Amino acid sequence: MGRKNIEIYSFEDIGKISEETRKQRDIEIRKARSIIEDEFKLYEYKINQIRSDDIIAIFYKFAEKVKEDEVNELTKKVDLNEVQLKYINLMMNSFTNKILSPYTNSVKTFIKNNERYSYILNEYEKCLMNALAAI
């Protein structure tokens, strides 16, 4: 009564099999770590991009507040009709966009190229919020 499909392994054979599976696991672990690192970098980049968008929004909010204050001051000194006010606002919007464009682009470029420096975003945000509060 012999048994079929039975293989006998020596301790040396088991050691070789064990070493080979360990090597395979190490390769898979390195792959998994690489995937995790890549995904973390992407997540960090997206978070910083969202934060930079928030900071850029603060730039524009600050500029809008300055524009409103200046237009209000102008209307106290000069009698303007609706059409004139419309064109003054359009001109001020254009002016604001042209002035802020290089700064907003520099923030976006900085974030794109330096995703690990999110503490600088904190400083940007603090400065802008203080400037906005001062108005």
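**Figure 1. Asp 54 in helix α1 of the predicted model.** Asp 54 lies within helix α1. The residue counts as partly exposed because its relative accessibility is 41%, a value that falls between the 20% limit for buried and the 50% limit for exposed. Between Asp 54 and Leu 121 the C-alpha to C-alpha distance is 9.8 Å, although the two are 67 residues apart in sequence.

**Figure 2. Packing of helix α1 against helix α2.** Two packed helices are described by the angle between their axes and the distance between the axes. Here the axes of α1 (residues 11-77) and α2 (residues 82-113) come within 10 Å and cross at roughly 155°. The two helices are therefore roughly antiparallel, as the angle is over 145 degrees. The crossing of α1 with α2 is right-handed. Sorted by class, the residues of this contact are 14 nonpolar, 10 polar and five charged.

**Figure 3. The largest nonpolar core.** This core has 10 residues. Ile 55, Ile 56, Ile 58, Phe 59 and Ala 63 belong to it, together with Leu 100, Val 107, Ile 111, Leu 121 and Leu 128. Helices α1, α2 and α3 (118-134) are the elements that each give two or more residues to the core. The largest share, five residues, comes from α1. In soluble globular proteins, nonpolar side chains tend to be buried together.

**Figure 4. Surroundings of Ile 55.** With neighbours within four places in sequence left aside, Ile 55 is in contact with Leu 121, Tyr 124, Glu 125 and Leu 128.

Methods
Residues numbered from 1 in each chain as written. Predicted model: local features only at pLDDT ≥ 70, side-chain atom pairs only at ≥ 80, totals over all residues. Heavy atoms only, no water. Axes fitted to C-alpha atoms, helices over the stretch in contact; angles between N-to-C directions. Helix = DSSP H or I, 4+ residues; strand = E, 2+ residues; numbered from the N terminus. Parallel < 35°, antiparallel > 145°, perpendicular 65-115°, else oblique. Left-handed = near helix turned anticlockwise from the far one by under 90°. Nonpolar A, V, L, I, M, F, W, Y, C, P; charged D, E, K, R; others polar. Buried < 20%, exposed > 50% of the residue type's maximum accessible area, 1.4 Å probe, protein only. Core = buried A, V, L, I, M, F, W, Y, C linked by side-chain atoms within 4.5 Å. Contact = heavy atoms within 4.5 Å.
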